[in-house]
Amino acid sequence: MYVHAAARFKGKKPVLQPKEEAPMNTTAALNQSTANTNKQQKQTAKEVIAANVQSLIEQLEQGHSEALTAYLTAMGRFHNYSFGNILEIARQKPDATRVAGFYAWNQLGRKVKKGEHGIRILAPVTGVRRKEDEEAEKDIRTQNQAVLVGFRAAYVFDVSQTEGEELPEFSERVSGSAGEYRDRLVDFVIAQGIALEFNESIAPALGMSYGGKIALLPGQSSAEEFSTLVHELAHEILHKAERRTATNKAVRETEAEAVAFVVGKTIGLETGRASADYIHLYHGNVALLTESLEVIQKTSAIILAAIENPAAETAEQPEPELAHAS
């Protein structure tokens, strides 16, 4: 159930979102401590995620709630990136808006400023698994199969760390209403087989989800209705079966609100400040917090992909079943 009203609407410039790449190091990045770099390069993706989550916990326990806001904002800005690398970018440069590798910036007519330090991420390293001759002859298309063998340290730089040609401007973010994003979101909901209705009887709740059906309170502003629908859709995607029994209502509501925050902020809605009490819902359960942040990121990425590029709409879900929320 969603009873928190979305905050006022604020138009913004678009946030450009590059696809994740394995960028080149720069002199500045290579001048970092050799010992520290070697240690970082040996980290696995799982270890990087664990370290970032622990850092978030420490900051929240010290009262620095802006750390959570930075992480959730980064989920929207960089939703084409992996969960682990989103955490890395948010921790190292919370104000980053567009990142790319050294070579990619050169291709765009921009250069990394002298003395800038790169944002370390993990880039996948692939190898080739060769099949035995007899097996390979059965199907020539699968003779040599690419496999993930590990990760290596790579560096990206935010646009603020570069100078040169102006970047091309894309269409303005919505201003004053959710615009076409609202219609795209409705289309996506329906495409998932979820019924949508407007019902005054759910008041004072702004929205309700029933497992395969979402009800919205009529008369909401465009921005408020959009945020409410994202919140209820997050419940539908996330909260059923095993995950529902493994979490309490407060955690489920916070996850849905976090998804609404990520999606709304990404398209230009002013969605307010992320809850400073987020960490307390988990009572020190690091594993649950890590899982929660990851499902928030994946769910937000699915919704954003659908409303930003409806032609490529996908029905892929982070869990195999649609979910139900109270």
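**Group meeting: a walk through one predicted chain**

Let's start with the count. The chain has 12 helices and 8 strands. Keep in mind that this is a predicted model.

Now the whole chain. There are 326 residues, and 47% of them count as buried. What about the surface? The chain exposes about 16200 Å². Carbon and sulfur atoms supply 50% of that area.

Next, contacts. Residues 24 or more positions apart account for 74% of them.

Let's zoom in on one helix, H9. It covers residues 222-238, so 17 residues in total. Is H9 mostly covered or mostly open? Mostly covered: 16 of its 17 residues are buried.

Where do we find it? Look at the loop between strand S2, residues 110-112, and strand S3, residues 119-130. Is lysine 113 buried, partly exposed or exposed? Its relative accessibility is 31%. Buried means under 20%, and exposed means over 50%. Lysine 113 therefore counts as partly exposed.

Who does lysine 113 touch? Set aside its neighbours within four places in sequence. Then lysine 113 is in contact with Ser160, Gln161, Thr162 and Glu163. Pick out threonine 162. In sequence, lysine 113 and threonine 162 are 49 residues apart. In space, their C-alpha atoms are 5.2 Å apart.

Find that pair in the structure above.

Notes: Residues numbered from 1 in each chain as written. Predicted model: local features only at pLDDT ≥ 70, side-chain atom pairs only at ≥ 80, totals over all residues. Heavy atoms only, no water. Helix = DSSP H or I, 4+ residues; strand = E, 2+ residues; numbered from the N terminus. Buried < 20%, exposed > 50% of the residue type's maximum accessible area, 1.4 Å probe, protein only. Contact = heavy atoms within 4.5 Å. Areas by Shrake-Rupley, 256 points an atom, 1.4 Å probe, with all protein chains shown as cover. Expected span 1.5 Å × (residues − 1).
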